[in-house]
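Hi there,

Here is the structure I promised to pass on. Have a look at it first, and my notes follow below.

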Amino acid sequence: ATVSVLYWWNSSSPFLPMLVRLAARRFLSARVGEEVFLQMDTNRDGVCTMGEVEDFLQRYPKVRTAAMTSVAEKRNKGSSVKKPIAKPDLQIKSAAGESKGSTTDKNDDAFFISTEKNICGIADGVSGWRKFGVDPAEYSTEFLKQAKKYVEEADHGNFCNPRQVLESAFERTRKAGSAVVCLAGVRGNELQVATVGDSSCILIRGRTLLLRTSPQMHANCRPYQLALQCGETPADCDTISYPARTNDVVILATDGVTNNLSDSQIIDIINAAGSDASSIVKEIISNAYRNSLLPSGQSDDMTAVAMVLT
């Protein structure tokens, strides 16, 4: 690197022998780890010490500043300045859902997927409405129909806030009944969840369980449930934001799945299936249903959605 100090140079100064630049080169090289030449307009011979060079630079602070500034400029010359690379927003790489009724003629669960808006959801219709002549599937199905409609119509870029989706669907759903609901989406580098009741959102990285939502219960077998008539409202939902990464897997599952599969079994299924969301969800439902037939199993409708992030 070359440092020109001619602008501040006083050629009549007796302190400027010819060999100053050689000593100054060594001096500045030791200080900044780089060769620096002081271009000086002088024909005088002489010898100076390193101490004299430092004294000179102390007496002429502009020279020192120019030297250091030029070194930095020369060091960067010819190389592009590396700007911080903004980490891209997470997206749903792939997603799949599957639902299986406890019997062949009924299934009160529902799910929806929007990879375009990076959000998915599940709803579990409350079966107790049957004794009042109400099909529990109507509310859960209509709720997620309205949720998906809001997601597709809303101008929110590639993300819809789960809490806002839940609120909109609640206001638009005019069917009798009630449902447990869990919605999850990704924004920036976070997983965002809005949930009411005992369905679960599970975040898994490799073989590590990072997040599992807690069930909201009034009592055993009495989960929180969204309903216009006599249930909870969106004000009662739990909202969660959690840091996520590429290749993380998110599972949404109704209690029919989580009552028949442990967390460790779900992790095993994910790691065996790899990053194929369709394979993951098929294996989850298949294994949950198989376990439900065991003496210790619990017969129930089962719904799961798997999301692989990128």
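A residue counts as buried when its relative accessible area is under 20%. By that cut-off S200 is buried, because its relative accessible area is 3%. Please keep in mind that this is a predicted model.

S200 is found in strand 8, which covers residues 200–205. Not counting residues up to four places away in sequence, S200 touches C182, R212, T213, I251, L252, A253 and T258. S200 and S214 are 14 residues apart in sequence, and their C-alpha atoms are 7.3 Å apart in space.

Next, the nonpolar cores. The largest one has 23 residues, and F143, L144, V165, L166, V181 and L226 have the most contacts inside it. Two or more residues come from each of strand 4 (109–114), strand 5 (119–125), helix 4, helix 5 (162–172), strand 6 (179–187) and strand 7 (190–196). Helix 4 gives the most, with six residues. As for V181, leaving aside neighbours within four places in sequence, this residue is in contact with I122, A123, F143, L166, A194, T195, V196 and L226. There is also a second, separate core of 22 residues, and A96, V249, V281 and A288 are among them.

E142 is buried yet has no salt bridge: K145, the nearest side chain of opposite charge, is 4.4 Å away. The side chain of E142 does make a polar contact of 2.8 Å with that of Q146. Beyond the neighbours within four places in sequence, E142 is in contact with T173 and K175.

Best wishes

How values were computed
Residues numbered from 1 in each chain as written. Predicted model: local features only at pLDDT ≥ 70, side-chain atom pairs only at ≥ 80, totals over all residues. Heavy atoms only, no water. Buried < 20%, exposed > 50% of the residue type's maximum accessible area, 1.4 Å probe, protein only. Lys, Arg positive; Asp, Glu negative; His and termini not counted. Salt bridge = Lys/Arg side-chain N within 4 Å of Asp/Glu carboxyl O. Polar contact = N/O pair within 3.5 Å; in protein donor to acceptor, adjacent residues only side chain to side chain. Contact = heavy atoms within 4.5 Å. Core = buried A, V, L, I, M, F, W, Y, C linked by side-chain atoms within 4.5 Å. Helix = DSSP H or I, 4+ residues; strand = E, 2+ residues; numbered from the N terminus.
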